[in-house]
Amino acid sequence: MMEFLLNTGSTIDEGRLAKGGNKLTEDYTQECAVCKMNPADFAALGSPQKVTIISRDCRRKVTVFAYPAKSLNPGHIFMPRAIWANVVVDPETFSTGSPLYKGSPVMAEAADDEVLNAGDLVNKLYRRGK
C-alpha cells in the first residue's frame, strides 16, 4: 500500500458523457472509474490493472482501473471528478462548502475486486448503512 495525494477534475469525455445523460453507460465507467499515476508509482504497485483507493481515515474505499501517466508527479494520482472519486474525497470543507478535490491524502493498493459501474456503486454505498 502506498500513500498519495488525490487530485480530481473534469475531463473532456467525462463532461461529454455526464452532460449527455450517459452516467450509467459502460463508456462512463471506462472514462471515470480510473486512477492515473506516475509510471514509477504504478510500477512500485506492481503495474496492476486495478487499484483500490482508500480514504485517509480508512472508512471509504473504491476500486478503479489503474493507468500510468507521465504527466503526473510521483506521489500524486488523478481521478476524474465522478462518483468513484467522490467516495474517497475527504468530505471536510473547512467552511468553504466544497470538499478537497485537490490534494486529498489517500492510500492505494493493487486490487482484484470488481470495478462497479455508477449505478451498482451507488446501490452498494446506500445499502451499507442498512
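Begin by selecting Thr52 and Glu109: Thr52 stands opposite Glu109 in strand S6. Strands here are DSSP runs of type E with at least two residues, helices are runs of type H or I with at least four, and both are numbered from the N terminus. The model is a predicted one, in which local features need pLDDT of at least 70 and side-chain atom pairs count only at pLDDT 80 or more, while totals for chains, interfaces and linings use all residues. Residues are numbered from 1 along each chain as its sequence is written, and side-chain values use heavy atoms, with hydrogens and water left out.

Two strands are said to pair if DSSP finds at least two bridges between them.

**Strand S5**

Now select residues 76–80, which form S5. Is this strand mostly covered or uncovered? Four of its five residues are buried, and S5 is thus described as mostly covered. Buried means under 20% relative accessible area, exposed means over 50%, and partly exposed lies in between (1.4 Å probe, protein chains only).

Strand S1 (residues 2–9) pairs with S5 in the parallel sense over five bridges, and Leu5 stands opposite His76 of S5. Strand S2 (residues 34–37) pairs with S5 in the antiparallel sense over two bridges. Here Lys36 has Phe78 of S5 as its bridge partner.

**Ala85 in helix H4**

Move to Ala85, which is located in helix H4 (residues 83–88). Ala85 has a relative accessible area of 1% and is therefore buried. Which residues does Ala85 touch, not counting those up to four places away in sequence? They are Thr8, Met79 and Pro80, where a contact means heavy atoms within 4.5 Å. Select Cys32 as well: Ala85 and Cys32 are 53 residues apart along the chain, and their C-alpha atoms are separated by 8.5 Å.

**Two loop residues with positive phi**

Select Ser47, in the loop between helix H3 (39–44) and strand S3 (50–55). Ser47 has a positive phi of about 50° although it is not a glycine. Its relative accessibility is 41%, so Ser47 counts as partly exposed.

Then select Cys58, in the loop between S3 and strand S4 (61–68). Cys58 is likewise not a glycine, and its phi is positive, near 65°. Because its relative accessibility is 53%, Cys58 counts as exposed.

**The whole chain**

Finally, display the entire chain. How many helices and strands does the chain have? There are five helices and six strands, and from the N terminus on they run β-α-α-β-α-β-β-β-α-β-α. The C-alpha atoms fill a box of roughly 35 × 35 × 30 Å, taken along the principal axes. Buried residues make up 42% of the 130 residues. Among contacts between residues at least 6 apart in sequence, 74% join residues at least 24 apart.
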